[in-house]
2 protein chains.
Amino acid sequence: MVTTGGTPTVETIAEHAGVSIASVSRVLNGHGARADTVRRVERAAAELGYVPNAVARSLQGGRSMQLTFAMQDIGNPVYVSMVRQIQSLAKAQGYRLLLHSTDAVLADELAVLRSLADRTSDGLIICPIRITPEHLEALRTAARPVVVIGSLPSEAPVDSVRTDSVAGARLAVHHLLDTGRRRVAFINGPADTVPGANRYAGYRSALEERGLSVDPALVRTTEFTIEAGAAALHALLDEAPAADTAADHTADAAAEPRLDAAAVDAVFCANDQLALGAAQALHSRGLRIPEDVAVAGMDDSTLTRASWPPLTSVDLGSAERGRIAARMLLDRLSQDGGDAPPPASARTETVTPRLIVRASTTAAPTAPAAERLPEEACR
Amino acid sequence: MVTTGGTPTVETIAEHAGVSIASVSRVLNGHGARADTVRRVERAAAELGYVPNAVARSLQGGRSMQLTFAMQDIGNPVYVSMVRQIQSLAKAQGYRLLLHSTDAVLADELAVLRSLADRTSDGLIICPIRITPEHLEALRTAARPVVVIGSLPSEAPVDSVRTDSVAGARLAVHHLLDTGRRRVAFINGPADTVPGANRYAGYRSALEERGLSVDPALVRTTEFTIEAGAAALHALLDEAPAADTAADHTADAAAEPRLDAAAVDAVFCANDQLALGAAQALHSRGLRIPEDVAVAGMDDSTLTRASWPPLTSVDLGSAERGRIAARMLLDRLSQDGGDAPPPASARTETVTPRLIVRASTTAAPTAPAAERLPEEACR
DNA sequence: GAGCTTTCTGTAAACGTTTCCAGTTCGACG
DNA sequence: CGTCGAACTGGAAACGTTTACAGAAAGCTC
């Protein structure tokens, strides 16, 4: 298909069709030409298997038709559902999607923001896990439109889509307390991250609203992974004092399941991965879910249906956040042709969390609330 | 930071530093210049916050420094681990990663292959789920180097990295038979895909090697998802005749678990998602894993550790395949500068599957093989 | 068929780099 | 101090498009 001398360019087509390169370009972009010209150009292009060079087109047009999505870890199902949405909307408008896994490395996140200036990408959707002053500065001076998925200080002049994860965490904890659980442990991700801090705040305020206070022995801080969730639960039960007896730090706690059950009767986890790990650990200790210990997670990812029993989780609208973020970004791009975003008009949308109750928290041991339907969505 | 009149270019820097644009380019690329020139250029660049335009650089250099990875569905953890590897190797050599989710749509896969000609991407790693003549033609005429993850006809002039999934399926089925299972059902993905066909072939040959033959009532064909796996298992138990009694097509089989147990004592699933779905369905019918029914999957994805009990699975080396594919592609790019791949020298690497035995198949009901360690790797 | 408008075409410039080539500067050596 | 070679520099071309502009052709009206 390819003539000798490399891939065909607009110039090659022009020669073959006996017209100028301008006419070739116009025909190929449907900008009107005489019927005869159109026919000759299209025939030459088809014969030579011509494909326009997207790089040259980008340089000339000033837009790369690429978007970037930067997230922490592509292994987390939350991001998977965001990617799906973003990819789908982007593709519909002719944009390709560049993926960046930052591994929560601060320098990587900043590098992504700065690299917007290299014209590779027309816009960015980013899920920063921490917000530092450098982040804010980088966001302010970003060379192209940016949409942040996550909570930002309100004065930040950046489009964002957030979810009220404090309220989300409260929903879950209230649900556990209202179904008769008394000793609700909390397994959190890193406390110095935005999600970590918010989820802890929700946990605490939910307890306080019921007249309880946080027992530090019931709170664990670790990474957002399955393995970390399992380890945290083991540590919790090994070290937590039982509700009515003194702590037993020396004996093997696994040998005495009833003691465990007394120490904790529910675990709220800051995301589904942690919850799945916790469920594993409970199973391996011979504790029953939800009869002995109820488990609830957050994100309502596909993992909730991977776990047994199916996992109660707070839907933070990750797919929806992805969709909204993509729409915001595409709006911004079509609107002002991708000029630097006018700080005055930064938009913020908020997704309302919903609790999805499944079997991992129903059939409460004491309270009569067990008649809830497994898939019922509260609030 | 930005002077009026738009983003700084090499020309802006040249004016500020009082040198020519050629010198600016040389300094910025470390091609040697007088100390004084270097200092002035670097100072001007820093002051103006200059970032080179990657698009212009691509056009001039003929390489975009982008790679594309095309897979079926980003929701499948198998692809996630491939993406991780590819992204990491690509980044190490300065390449960005473009992601394409084809949803197993033939036209999309072909479009990706053809779009290599647009110079957006320097190379492609693709996981085609079916191989049609059009695929082969598109691979042959691809404008840039391509590496295929998956099995190809041996005459195809394309680098590829495959896994012997026939042998992998045999490993799992042999393991089930050798631990005393007699009625081994098979839940497969679409039979007209390469993975689907191979896994079925492995299942059949494993049975035949033990003097058994395939019972069509024990084989289900569906999609590669959790939900499909659950539905398939329910259908299997509802419709399969019990081993020793006549089939009971009318009564609700779930009400009679012993009948189910007689019908099937093991399920081999063509991937982990199907296996997880099957495990869900078994749990919801009150059947115990592995005491009543053993479950084994394929891919050894993160889902194996998400399931309870932990899932026996065949490791098809997805991370390794990703790594090898990335290395092959990068080799090809550095080697011949990314010219069309010389068909004569197509390389093929094969990853050997390993069976990872976990609790979902141990503790066999009849055989004394239960002393295997949970994490033991066979072969 | 002349004059007008409309439509179409080709030349050339522009997008921002890198790099070839020739010319200039510099240092060293005789 | 003059000469030679090496190191450096600037002008210009090239990468492949799109598009502004001016000029040519075609269609229309009278």
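What pLDDT does chain A average, and what share of the residues score at least 70? In this predicted model, chain A averages a pLDDT of 87, and 86% of the residues reach a score of at least 70.

| Residues of chain A | pLDDT | Contacts beyond four places in sequence |
|---|---|---|
| 244-261 | under 50 | 22 contacts |
| 364-379 | under 50 | 36 contacts |

Where pLDDT is low, the predicted coordinates should not be read in detail. The contacts that the model has for residues 244-261 and for residues 364-379 therefore call for caution, as low pLDDT limits what the coordinates can tell.

**The fold of chain A**

The secondary structure of chain A consists of 14 helices and 13 strands. Of the 379 residues in chain A, 51% are buried. When one takes the contacts in chain A between residues at least 6 apart in sequence, 70% of these contacts join residues that are at least 24 apart.

In soluble globular proteins, nonpolar side chains tend to be buried together. In this model the largest nonpolar core has 191 residues, and the members that touch the most other members are A:A278 and B:A278. Leaving aside residues up to four places away in sequence, A:A278 touches A:I187, A:G229, A:A230, A:L233, A:V267, A:C269 and A:V295.

**How the two chains are related**

Two copies of a chain are related by a rotation about an axis and a shift along it. Here, chain B is superposed on chain A by a rotation of 180° with 0.0 Å of shift along the axis, and the RMSD is 0.1 Å. This is the relation of a two-fold axis. The same surface serves both copies, since 100% of the contact residues of chain B recur in chain A.

**Where the chains meet**

Chain B gives 39 residues to the contact, and chain A gives 39 residues as well. On the side of chain B that touches chain A, the elements that give two or more residues are α4 (54-61), α5 (77-92), β2 (96-101), α12 (272-284) and α13 (303-306). The residues of that side of chain B comprise 21 nonpolar, 13 polar and five charged ones.

Strand β2 (residues 96-101) of chain A runs antiparallel to β2(B), and three bridges join the two strands. Within this pairing, A:L98 has B:L98 in β2(B) as its bridge partner. The residue B:L98 is also the one in chain B that comes closest to the rotation axis, with its C-alpha at 2.3 Å.

Terms used:
Residues numbered from 1 in each chain as written. Chains lettered and ligands numbered in written order. Predicted model: local features only at pLDDT ≥ 70, side-chain atom pairs only at ≥ 80, totals over all residues. Least-squares fit on C-alpha atoms with pLDDT ≥ 70 in both. Contact = placed C-beta atoms within 7 Å. pLDDT = per-residue confidence, 0-100. Helix = DSSP H or I, 4+ residues; strand = E, 2+ residues; numbered from the N terminus. Nonpolar A, V, L, I, M, F, W, Y, C, P; charged D, E, K, R; others polar. Pairing = 2+ DSSP bridges. Core = buried A, V, L, I, M, F, W, Y, C linked by C-beta atoms within 7 Å. Buried ≥ 20, exposed ≤ 12 C-beta atoms within 10 Å, placed from the backbone.
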